[in-house]
Amino acid sequence: MALLEVENLTVQFYTEDGVVRAVDGLSYEIEAGETFAIVGESGAGKSVASLSLLDLVGRPGEIVDGEVRFRGRNVLELPREELRRLRGNDVAIVFQDSQAALDPVYTVGEQIVETMRAHEVASGREARERAIALLERVGIADAQSRYSDYPHELSGGIAQRVLVAVGLSCEPDLLILDEPTTGLDVTIQAQLLELLEELASSFETAIQLVTHDLGVVAECCDRVLVMYGGRAVERAPVEELFYDPAHPYTAGLLASIPRIGADRERLPSLPGGPPNPIQPPTGCRFHPRCPYAEEVCATSEPDLVETETGTAADATRQDHVAACHEHTGDLEDGLGYAVRVVDDSPDATRGTSPGGSSGRGHDDR
Amino acid sequence: MTGDDPLLRAEGLEKRFTTSDGLLERLLGRGETIRAVDGVDLEIAEGETLGLVGESGCGKTTLGRLLVGLDEPSAGSVVYRGRDLATLDRRERRELRTNVQYVFQNPLASLNPQLPVGDIVGEPLAVHDIVPPDRRDDRIADLLETVGLEPSAANRYPREFSGGQCQRIAIARALAVEPEVLVCDEPVTALDVSVQARILNLLSELQAEFGLSYLFVSHDLSVVEHVADRIAVMYLGRIVERGSPTQLFEGDSHPYTEALLSAIPEPDPCWEGDRIVLEGDVPSAIDPPSGCQFHTRCPKVIPPSAYDLECEVFRGVMDLRLDLADAVADGGDPREALRWPPAGATNATAIDADSTFTAGAIKDAYGIPRTLTDEDAEAALTEALEALAAGDAERARSRLSRTFESPCETDRPDPQVVDDSGDARHRIACHRFYDRATRE
């Protein structure tokens, strides 16, 4: 049994313009100690999926279907008291905007201690000492004096670390991080990624990392789920995703990363914008932007299948799965991209750069 | 002016801010001066893209604002087409704004939420009276099409657009006055990769079409490398290195540039390069470090010539010295400012850390070998650490700073030309290159 099992999760938002299905039939699993990434563009449903794990989706949103099982128990059906105990204690979440997530009127230390007290993990002097140890743990210099700082006195990188410290305060088994490095300088991001790797290896904490930055994913994740328009379009171990992307959307995302030394006049980019959330395209949701779309893509919706065999995907297996007609043999011309691994000098970069064929790299203009 | 003259040139540009806004602070003389921009020389040629890179708080944005005349410099000058911005009167200054435009960092915050997009883009047309009122709507439609939006967008409000589209609107507004120079302040930072790629492509198309010059400010080297003809790397208000992307990334470069470069996550799970992780944040610009400002974090800080020390070892000694200086300045228990208890120590060991606060354990905490290869250095370090372990932090501090003074902290390095062969002049402000230049 995996630590976390998400099965057929479906979340809807009721808006004035209609019903938005933010997450549509999402299934995946996270093993203990594993680092799992969810990637996708803004609006793909990444954050909503993460909030659902702790039943934190509020009105006008509603989880309409599916199960989220943590250690075999369905989180969505837990009584209030037990859900309270689970949140923060077993599964903790680090929210996206660190400055907004910290309470401006309490000191950093009080916010860490508050979590420990609420879960009766520690109190009084002991809680204070543990909070300071945690601040040191996440790499904050001068933790003693930082303990009594207010959030406005912190830089972005430090605030993000404090949030990680709050998340770790009750030693959760699963830590959810929502865009933890977005908006940080590369140097600070590098420090934070080292910290995450260390946490995963030394604490056996499972991590669900939500991000739109594929560089970050390559850096520190074991497996990746790519979301598009509320659905999973590809799920794979990280090496396979980067070296053998099985969905044209993944390939497009990989190609649009600017890379040092890649002598390209213009960056290949995906045409068009994210799908309309109220009336998603018929068939494959990606087909209006897909350079390899054929008739079948507009009419029938591809299932998530194993790329090797074309058989239906199973959430419990850790294989490479993708939702594209190519893998069930329904695509006549196939996918015309190839991954090129550039190995220009022994110590320098190896890199994937899908590209090459016609149709790739045109703009929305 | 001749064809070789740069379009925009900054000389010895400085901008200082003071924190003494209040009367009380002024009376007590408590104000502190922040050196946001500290002596910058810079030029942008016609049709060129100059990339400006650095961490948050290094003064990139302030420099951008000075260059377009949004802020007055405290010293130095900005010259546009041979005219000093400081000498311009109101009318001329207004004219300047039709030549130099600015695209702000946060697209949503820089668009007035109460105006429809047509009014936002049309406002500069009216202010500068560029297009007669009856033809303005056509011009607005043209501009929106230029940046890849539907002309019908003119009737909608900014909130109805995504981040990438808002950035396009901001670019259309800047283009309305047909400028020659566009200062783009982190134009793609807030955007998804796929959207980011499209805005970058748009900017390069516009450059080809209108012959624009860009100052492209960003903290992301991989983005800057993609768009820029020349790159300037900024640290704490100063430019530490400049040159063409090839010169910066393939030849020798400033240790700070190397660190920035290696910090970019490689989108390749099997990549196993050495990452240089800089410790800590950028130091405060209120009281910036002496000499080379990067010496407090530099992994290649130069050891004093009297001793034979490895760079890495000296970095540890340097960190210890700086922490100790803080500890003495703060007063109180020196252990609070030091890396103590050593990282990775559990709570249990931290409690009886008193008994283990010895010279050897302090060395371990800073990654300094138990015995240094250089005997004189070893003797001095041991003496200082024994004093520290015995509780005399001041003696330890003065012993260390007397013995281990790096040239990096005493002298400010001037930019040295390291390569003048390519399309750009490659200049680095670092003592490592200074040594070489004087020797040759």
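Student: In what sense do strand β1 and strand β4 of chain A pair?
Tutor: This is a predicted model. Strand β1 (residues 4-15) and strand β4 (residues 61-70) of chain A are joined over 8 bridges. In β4(A), Glu67(A) is the bridge partner of Glu7(A). The sense of the β1(A) and β4(A) pairing is antiparallel.

Student: How many residues lie between β1(A) and β2(A) in their hairpin?
Tutor: Strand β2 (residues 18-30) of chain A runs antiparallel to β1(A), with 9 bridges joining them. Val6(A) has its bridge partner in β2(A), namely Tyr28(A). Between the two strands of the hairpin there are 2 residues.

Student: Which residue just after α4(B) takes a positive phi?
Tutor: Helix α4 of chain B covers residues 117-127. Just after α4(B), a positive phi of about 50° is taken by Asp129(B).

Student: Which element gives the most to the side of chain B that touches chain A?
Tutor: The contact takes 41 residues from chain B and 49 residues from chain A. On the side of chain B, the elements giving two or more residues are α7 (193-210), α8 (221-227) and α10 (255-263). With 7 residues, the element that gives the most is α7(B).

Key
Residues are numbered from 1 along each chain as its sequence is written. Chains are lettered from A and ligands numbered from 1 in the order in which they are written. This is a predicted model: local features need pLDDT of at least 70, side-chain atom pairs count only at pLDDT 80 or more; totals for chains, interfaces and linings use all residues. A residue is buried if 20 or more other C-beta atoms lie within 10 Å of its own, exposed if 12 or fewer, and partly exposed in between; C-beta atoms are placed from the backbone. Helices (H or I, at least four residues) and strands (E, at least two) are DSSP runs, numbered from the N terminus. Two residues are in contact if their C-beta atoms, placed from the backbone, lie within 7 Å. Two strands pair if DSSP finds at least two bridges between them.
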